[in-house]
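Please examine the structure shown below before reading on.

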Amino acid sequence: MENRQRIAQNARSSGPYPELRLKVTAESLSFFTTILQFGIEFETLANIPLGKFLCDCPGFSEEFLSESVQTIFLDGTAIDDLQTPLSGRHPVVALSAAMPGLAGAIFRKNSLHSALRSSTAASASNYKTQGSLTVTLKLFNRIAREKGEVLLSLGAVIASSSLSDFLIKRPELLPNIKTATIDEDPVSPENLPSMIRNHEFVKLFISASEGISAKN
């Protein structure tokens, strides 16, 4: 109980989000990047072009978007134009590498099959906003693996409920967490799913511990 109270006090004094720092075995780091499919939060300017927003994200570039990102969804709608402005109450952007089959062909950027896409989804750009904007960015498959380590090493804001569910559904990952702290207070990996639910969001840092392997 005292430890939980101390964590809450530190969270209020250290900034808007508690900092959750995980040191994991090097060989397991890529498995943790799949957390990014749940989405991480970015603050940006309303009406910023989609391409500009993505290129401002750590590790991203125009070249990477052109060559590696094959599918972009904005609020569930496949987007081809990177000049599309981001607006709305809370837009969600999802990136994927090439997807298999007809679905992949339909949703691929500038696809010849784009006419087969559903036109029922409404773009968030229909709802105009001013000032700052919170965007949820979701990364899937190879995009998460290639950019996840950079994003997580720098710290990514994520909903605590998403992270808790991720850990509960993947108990095999917990032994690979060698150290865990919330605002510098040590936490047992087994207690993480319940502990982080005390907060709405956390700023998650994950990095590999040098010299630590699963055998240690």
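This is a predicted model: local features need pLDDT of at least 70, side-chain atom pairs count only at pLDDT 80 or more; totals for chains, interfaces and linings use all residues.

The structure holds four aromatic pairs. A pair of aromatic rings is described by the distance of the centres and the angle of the planes. Two of these pairs are considered here in turn.

**Tyr17 and Phe201**

The ring centres of Tyr17 and Phe201 lie 6.1 Å apart, and the ring planes meet at 70°, so this pair is edge-to-face. The reasoning rests on a cut-off: planes over 60 degrees apart count as edge-to-face. Tyr17 belongs to the loop between helix H1 (2-13) and strand S1 (19-24), whereas Phe201 belongs to strand S10 (residues 201-208); the pair therefore ties together parts that are 184 residues apart in sequence. In space, the C-alpha atoms of Phe201 and Tyr17 are 6.3 Å apart.

What else does Phe201 touch, leaving aside its neighbours within four places in sequence? Besides Tyr17, Phe201 is in contact with Pro18, Glu41, Val157, Ile158, Ala159 and Ser160.

The relative accessible area of Tyr17 is 30%, and this residue is partly exposed. Phe201 is also partly exposed, with a value of 22%.

**Phe38 and Phe166**

In the pair of Phe38 and Phe166, the ring centres are 6.2 Å apart and the planes stand at 80°, so this pair is edge-to-face. Phe38 is found in the loop between helix H2 (29-32) and strand S2 (40-45), and Phe166 in helix H7 (residues 160-169); the pair links distant parts of the chain, 128 residues apart.

Are Phe38 and Phe166 buried or partly exposed? Phe38 is partly exposed, with a relative accessible area of 29%, while Phe166 counts as buried at 1% relative accessibility.

**Charged residues over rings**

Two cases are listed below.

| Charged residue | Ring | Distance from the ring centre |
|---|---|---|
| Arg21 | Phe205 | 3.8 Å |
| Lys147 | Phe64 | 4.3 Å |

**The nonpolar core**

The largest nonpolar core comprises 51 residues. Which of its residues touch the most other members? They are Val93 and Leu95. When neighbours within four places in sequence are left aside, the contacts of Leu95 include the aromatic residues Phe60 and Phe140.

Terms used
Residues are numbered from 1 along each chain as its sequence is written. Side-chain values use heavy atoms; hydrogens and water are left out. Rings of Phe, Tyr and Trp (its six-membered ring) pair if their centres lie within 6.5 Å; planes under 30 degrees apart count as stacked, over 60 as edge-to-face and the rest as tilted. Helices (H or I, at least four residues) and strands (E, at least two) are DSSP runs, numbered from the N terminus. Buried means under 20% relative accessible area, exposed over 50%, partly exposed in between (1.4 Å probe, protein chains only). A charge sits over a ring if NZ of Lys or CZ of Arg is within 6 Å of the ring centre and within 35 degrees of the ring normal. A nonpolar core is a set of buried Ala, Val, Leu, Ile, Met, Phe, Trp, Tyr and Cys residues joined through side-chain atoms within 4.5 Å. Contact means heavy atoms within 4.5 Å.
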